[in-house]
Amino acid sequence: MKWFRGANRGEDGSERGLIPTDAPGTARIWESALRDVEYFVIDIETSGFSAQTDLILSLAAGCMKGSDEFSDFIYQLVRHPDISRVPEKIWELTGLSPEVVQGGKDLREVLQAALSLALNRVWIAHHARHELSFLGRHARQLWRLRIRPIVIDTAVVAQALGRLPRTPTLDETCSWLEVPIHGRHRADEDVRMTAEVWRREMVLCDRLGLRTVSDVIDWASARAMG
C-alpha cells in the first residue's frame, strides 16, 4: 500500500503497509502540544460488536488541527454482497436501510479513503477499541496492513476527568460536557459530537496541566485503570 508512508516488504516479498507507532516523527507527535496536533476523528456504525462476524455499515471521519473545525471530512456507506443477517434493530438504531446501504461503496474503497486521511495523525474516537478492532481486521485481510496508531479515547479521558467507575457512553459524555446531542448512531453526526467532546476535554486537560499527547494518554489510562 504505497499510500502509506513506511510501507515495507515482508519476508515473502509481499508488500505490507503500516501505520506505525515507532516511525520517525512519532516521538515528536507524542510530545506535541495538544493545540498543535493533527487529529483524525473517526466513527463507524456496524451490524454488531464482533469484528470477526459483523459488518461495517457506514464510516465517517474528519481531520482537524488542535481545536479547529474539520479541514477534511468523509462520510461513506459500505456496500456488502449479503446484508440479510443485519438485525432489524440495527436498521432502526442507525436510521439506515438495506436499500440505502447497498447504494454505498465497496469496503476497500471506503477504508482506503479513510486510512489515507489518518496518516501521521493522532486518532480520536469514543470507545476506540470498537473502531480499531473492525478496521484492524479488514486492513489485515485486504492489504496485510497493521494499524498501530496513536489513539486518544474520549471515553477513557471522560472517565478519568469525571472520576467515573466506568467509561461513559457518548450520550453521557455529551450531556456532562454540554455538547448538543443530535443524530446519535449516525456515523457522521457521532464524529462531529466526538470532535466537540475532545475540544472540551482539551480545555479541561489544559487546566490540569496536561499539555501533550503523552500527558493525556498516560494520565487518563492510569486514572481509568486505577
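Q: How many residues lie between strand 5 and strand 6 in the hairpin they form?
A: In this predicted model, strand 5 (residues 56–65) and strand 6 (residues 72–79) pair in the antiparallel sense over 6 bridges. Within this pairing, Cys-63 has Asp-72 of strand 6 as its bridge partner. The turn of the hairpin includes Gly-66, which has a positive phi of about 55 degrees, and the number of residues between the two strands is 6.

Q: Which residue in strand 7 is the bridge partner of Arg-79?
A: Strand 6 is also joined to strand 7 (residues 105–106), and these two run parallel, with 2 bridges between them. The bridge partner of Arg-79 in strand 7 is Asp-106.

Q: Is Leu-77 buried or exposed?
A: Leu-77 is found in strand 6, and, leaving aside neighbours within four places in sequence, Leu-77 is in contact with residues including Leu-57, Leu-96, Val-100 and Val-110. Because its relative accessible area of 16% falls under the 20% cut-off, Leu-77 is classed as buried.

Q: How many disulfides does the count come to?
A: A disulfide is a covalent bond between the sulfur atoms of two cysteines. Cys-63 is buried, with a relative accessible area of 0%, and Cys-205 is likewise buried, with a relative accessible area of 0%. With the rule that a pair of cysteine sulfur atoms must lie within 2.5 Å, the count of disulfides comes to 0.

Conventions. Residues numbered from 1 in each chain as written. Predicted model: local features only at pLDDT ≥ 70, side-chain atom pairs only at ≥ 80, totals over all residues. Heavy atoms only, no water. Buried < 20%, exposed > 50% of the residue type's maximum accessible area, 1.4 Å probe, protein only. Pairing = 2+ DSSP bridges. Helix = DSSP H or I, 4+ residues; strand = E, 2+ residues; numbered from the N terminus. Contact = heavy atoms within 4.5 Å.
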